[in-house]
Amino acid sequence: MTGSFLTGDIFTAADTYLFVIASWTRCFKIPLDDCPRLLGLLERVGRRPSVHAALAAEGPGFVTVSDLTPLL
């Protein structure tokens, strides 16, 4: 992974999908300590206003931005 996002410097649908799937690790208590670049991607994507809006519209579930802070 080079750049800020999965495929480079441009945010794509792949980043959104990886964000969702990788965020599930919190619910299943899978540590990501050995994955600093993945943690960085989660942080960058989790800061996006569109992600906050989508999670607010979706309601409670496996993915929450506030849960990412302890991972970082």
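The structure holds one salt bridge. In this predicted model, the pair is made by Glu43 and Arg47, whose closest N and O atoms are 3.9 Å apart. Side chains of opposite charge can pair when their charged atoms come close. The two partners fall into separate accessibility classes: Glu43 is partly exposed, at 34% relative accessibility, whereas Arg47 is exposed, at 54%.

The chain contains three helices and zero strands, and its elements run α-α-α from the N terminus on. Of its 72 residues, 28% count as buried. Contacts between residues at least 6 apart in sequence were also examined, and 56% of these join residues at least 24 apart.

In soluble globular proteins, nonpolar side chains tend to be buried together. Here, the largest nonpolar core has eleven residues, namely Phe5, Phe19, Ala22, Leu32, Leu39, Leu41, Leu42, Val45, Val51, Leu55 and Val63. Two or more residues of this core come from each of helix H1 (13–27), helix H2 (36–46) and helix H3 (49–58). The largest share, four residues, is given by H2.

The buried residues of H2 are Leu39, Gly40, Leu41, Leu42, Val45 and Gly46. These buried residues pack against both H1 and H3. Another member of the core, Val63, is in contact with Phe19, Val20, Ser23, Trp24 and Leu55 when neighbours within four places in sequence are left aside.

Thr25 is located in helix H1. Its relative accessible area is 11%, below the 20% limit, and Thr25 therefore counts as buried. Beyond its neighbours within four places in sequence, Thr25 is in contact with Ile30 and Leu32.

Phe62 lies in the segment after H3 and is partly exposed, with a relative accessible area of 45%.

Lys29 is placed in the loop between H1 and H2. Its phi is near 55°, a positive value in a residue other than glycine. Most residues other than glycine have a negative phi. With a relative accessibility of 72%, over the 50% limit, Lys29 counts as exposed.

A search of the whole structure for disulfides finds zero.

Definitions and conventions
Residues numbered from 1 in each chain as written. Predicted model: local features only at pLDDT ≥ 70, side-chain atom pairs only at ≥ 80, totals over all residues. Heavy atoms only, no water. Core = buried A, V, L, I, M, F, W, Y, C linked by side-chain atoms within 4.5 Å. Buried < 20%, exposed > 50% of the residue type's maximum accessible area, 1.4 Å probe, protein only. Contact = heavy atoms within 4.5 Å. Disulfide = S-S within 2.5 Å. Salt bridge = Lys/Arg side-chain N within 4 Å of Asp/Glu carboxyl O.
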